[in-house]
Amino acid sequence: MSNFDLPPPMQMSYESVRPHGNARVLLLLAGIFTLVTAGLDYLYAIVITGYGIFFATVTIPTTGPGVTPPPFDFQKVLPPILLGLALLSASVATLKLIAGIKLLRGSSRAWGWGLAAGIAGCTQIWCSYFCLIPLAVGIFTIVVLCLNDTRVYLSTPRSTNVNPPVPAAPGSPPPGSYP
């Protein structure tokens, strides 16, 4: 026996390598996170719409003892601004909703819709109540979509992205028939 005799290498063949890495899991996470931020944006739009309606209908006293009138009429300026922000937030939420569904399904054009939702999440300058959440989700979505495994996974036809069917046992009835 020489000094160079080593034990045989361990067999690691029980692990199977996924053909696309973790692309499917990352796309599911990006889709779920995008749907959550779409819900937050819809919630923001509803709240801002309520504020806009409130300021449009409530009379704020501008005269009286010790009250100085504002330089311009807030009741005429503030509701259109708030309703414009609500419309902008609802439109971005709709974009994110479509992108989230496409990312979850891994369907055609999911890459483009996901990238658009990621960019929209990063550029929300009107900022919903949770400012950092859309930014973080947008960055995560863009990074996931730029991974090579994800791009390859999304470019392959849908039928090759699912697990192959298990062959039937010999002597069993064909699928869809009753014994």
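The model is predicted, so local features need pLDDT of at least 70 and side-chain atom pairs count only at pLDDT 80 or more, while totals for chains, interfaces and linings use all residues. Residues are numbered from 1 along each chain as its sequence is written, and side-chain values use heavy atoms, leaving out hydrogens and water.

Q: How many helices and strands are there in the chain?
A: Helices (H or I, at least four residues) and strands (E, at least two) are taken as DSSP runs and numbered from the N terminus. Counted this way, the chain has six helices and zero strands.

Q: How are helix 1 and helix 5 oriented to each other?
A: The axes of helix 1 (residues 23-57) and helix 5 (residues 148-155) come within 9 Å and cross at roughly 90°. Angles under 35 degrees count as roughly parallel, over 145 as roughly antiparallel, 65 to 115 as roughly perpendicular and the rest as oblique. Helix 1 is therefore, relative to helix 5, roughly perpendicular.

Q: Which residues in helix 5 do Ala23, Arg24 and Leu27 in helix 1 meet?
A: Contact here means heavy atoms within 4.5 Å. On the helix 5 side, the partners of Ala23, Arg24 and Leu27 are Asp149, Thr150, Tyr153 and Leu154.

Q: Is Leu135 buried, partly exposed or exposed?
A: Leu135 lies in helix 4 (residues 132-146). Buried means under 20% relative accessible area, exposed over 50%, and partly exposed in between (1.4 Å probe, protein chains only). Because its relative accessibility is 34%, Leu135 counts as partly exposed.

Q: What kind of aromatic pair do Phe54 and Phe55 form?
A: Rings of Phe, Tyr and Trp (its six-membered ring) pair if their centres lie within 6.5 Å; planes under 30 degrees apart count as stacked, over 60 as edge-to-face and the rest as tilted. The count comes to two aromatic pairs. Phe54 and Phe55 are 5.4 Å centre to centre with 65° between the planes, and this pair is edge-to-face.

Definitions and conventions:
Axes are lines fitted to C-alpha atoms, for helices over the stretch in contact, and angles run from 0 to 180 degrees between N-to-C directions.
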